[in-house]
Amino acid sequence: MLPRLRIKGQRIWMLAALLIVAIIFSFCHIKITKVTIPASAKVGDVVPIQLDIDVSCNSDGSDKLILGVLMPKGWKGTQNLTATYKGSKGDGSFVMTPLSTLAPHGDGKNWPDYMRATFGIAGNLIDDMEWVVMQSDVPFTYGNNDKITGSIFLKLKVGADDNPTLVKLAYVVANTTNGFTSDGNVDAGYGPTAEYYNEYIGDCFTVTGGSGDLVDFCNPQLTTISPPKSLDNDLVTITFDSNVANTALSGSSEVYLCATGTTNDGKTIIICEQTSKTLMKLTGRGRYEITLWPRSFFGINDSQTVTNMTYYIRDKSGTKQVGYGNTTAPFTYKFKCG
C-alpha cells in the first residue's frame with residue numbers, strides 16, 4: 001500500500017503522485033527491420049528506398065516520427081529527398097524538420113547536429129557527409145501495448161554534384177519526445193536495452209556516370225585531400241597512407257609529391273622534383289602529408305586558375321611511384337566549390 005500524507009485536511013498520495021506525473025511520458029521502442037534499395041544508380045536517378053519499421057509502445061501518447069538520412073553533402077538532400085509513410089496508424093508524408101527545432105535530450109542541438117554527435121558519419125571515410133532530417137506531417141496516437149508496423153518510402157535524387165560515388169547511406173528513426181534515449185526494459189526483438197530510436201547502416205551504394213571524379217567514401221584511400229572540395233586559392237592538404245596496402249613505397253624514409261596542374265587556358269604545369277617544395281612530412285608510422293597553396297605551388301599568373309590536378313607519390317630517387325588504387329594511373333582532383 002502506498003503511503004499517504006494529510007495536508008490541509010486533504011489526502012494525497014505522497015511521492016507516488018509526484019512520480020506518476022514525472023514518469024508518464026510517451027515511450028515507443030522502434031526498430032528498422034528491413035531496408036530495400038537498389039545496389040546502384042546513375043547520377044541524376046531518383047532512387048526508391050523502403051524502410052520497414054516495427055514500433056512497440058509501453059504507454060499512451062502521441063508523437064511525430066523523426067527520419068534522418070545520412071548522405072554526401074553534394075547531393076543536396078534537403079532539395080532532393082522526399083518521403084511518405086504507410087502503416088497501421090495511418091498514411092502520410094514527411095516534411096523537412098526546421099533547423100531551428102531543438103531535439104529532446106540533445107543538449108541544445110538541433111536534429112542534424114544531434115544525429116551527427118550521436119552517430120557520426122556511420123563508418124564512411126571522407127568527412128563530407130550530412131544528416132538530412134524530416135518529420136511526419138501529423139502525430140500518431142498510440143496506446144499501451146500497441147504494436148505498430150509500417151513502411152517509409154523515400155525518393156532520393158542522387159549525384160547532384162555530378163560525381164560517381166561509393167557511399168554507405170545510413171538511416172535513423174526516432175520520435176519527437178524521446179530523442180536518442182533508451183531504457184532497461186526487455187522487449188522481445190529489441191534486445192535487453194530497448195531503444196526509442198534505431199540506426200541502420202547500409203552496404204556500400206554505387207552511383208555511376210557524371211563528369212566528376214569518383215568519390216569513394218567506403219574504401220580506405222592511399223591518398224586523401226582535405227578539404228574534399230576547394231578552389232585553387234585555398235590551402236589543401238594531401239595525405240598519403242602507406243599502411244592501406246603494400247606499395248612500391250612501403251618502407252620509404254622520404255616520399256615526394258609529383259603533380260600536374262591544368263589551367264583554365266589549357267596549359268599544363270608539371271611540378272615533379274625531389275625538393276623541400278614537394279617533400280611530404282612524416283606524421284605517423286607510414287603516413288605522410290603536404291599542405292600547399294595550389295596557385296603558388298604551380299606558379300600561375302593572376303589571369304589563370306587551376307581547374308584540376310593529377311598527381312603521384314614518389315620516393316627520393318624518383319624511380320618508384322604510387323598512383324590511384326596502387327596502379328600506374330594518377331590520382332585526380334578537380335578544384336570546385338560546394
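Biologist: Which strands each supply at least two residues of the lining of the largest cavity?

Modeller: Ground rules for this predicted model: local features need pLDDT of at least 70, side-chain atom pairs count only at pLDDT 80 or more, and totals for chains, interfaces and linings use all residues. Numbering runs from 1 along each chain as its sequence is written, and side-chain values use heavy atoms, leaving out hydrogens and water. A cavity is a set of points, on a 1 Å grid over the protein atoms alone, where a 1.4 Å probe fits but cannot get out, and lining residues have an atom within 4 Å of a point. With strands taken as DSSP runs of E, at least two residues long and numbered from the N terminus, the answer is strand S3 (28-36) and strand S13 (165-175).

Biologist: What volume does the largest cavity have?

Modeller: The structure holds one cavity of 30 Å³ or more. Grid points are joined across faces, edges and corners, and a volume is the space filled by probe spheres set on the points. For the largest cavity that gives about 50 Å³.

Biologist: How many nonpolar residues does the lining of the largest cavity have?

Modeller: The lining is made up of Cys28, Ile30, Val55, Asp63, Leu65, Phe140, Ala174, Asn175 and Tyr196. Ala, Val, Leu, Ile, Met, Phe, Trp, Tyr, Cys and Pro count as nonpolar, Asp, Glu, Lys and Arg as charged, and the others, Gly among them, as polar. That sorting leaves one polar and one charged residue, and the nonpolar count is seven.

Biologist: Which residues are closest to the centre of the second largest pocket?

Modeller: A pocket is an open set of grid points with protein on both sides within 12 Å along at least five of seven lines. This one holds about 240 Å³ of space. It is lined by 19 residues, and the closest to its centre are Leu65, Tyr85, Lys89, Gly90 and Phe140.

Biologist: Which strand gives the largest share of the lining of the second largest pocket?

Modeller: Strands S5 (46-57), S8 (81-87), S9 (90-96) and S12 (147-157) each put in at least two residues. By class, the lining comes to nine nonpolar, seven polar and three charged residues. The largest share, five residues, comes from S12.

Biologist: What volume does the largest pocket have?

Modeller: Its lining takes in 35 residues, with Ile126, Leu214, Val215, Asp216 and Gln221 nearest the centre. The elements that give two or more residues to that lining are strand S17 (215-216), S18 and strand S26 (331-334). By class the lining splits into 17 nonpolar, ten polar and eight charged residues. The volume is about 810 Å³.

Biologist: Which residues form the uncovered face of S18?

Modeller: S18 (residues 223-226) pairs antiparallel with S19 (residues 236-241) over four bridges. In that pairing Ile225 stands opposite Ile238. Ile225 also sits on the covered face of S18 with Thr223, while the uncovered face has Thr224 and Ser226.

Biologist: Which residue in the hairpin of S24 and S25 takes a positive phi?

Modeller: S24 (residues 306-315) pairs antiparallel with S20 (residues 255-263) over nine bridges and with S26 over four. S24 and S25 (residues 321-322) share two antiparallel bridges, with Gln321 as the bridge partner of Arg314. Five residues lie between the strands of this hairpin, and the one with a phi near 80 degrees is Gly318.

Biologist: What percentage of the chain's residues count as buried?

Modeller: The chain has 26 strands and four helices, a helix being a DSSP run of H or I with at least four residues. Buried means under 20% relative accessible area, exposed over 50%, and partly exposed in between, with a 1.4 Å probe and protein chains only. Of the chain's 338 residues, the buried share is 43%.

Terms used: Two strands pair if DSSP finds at least two bridges between them.
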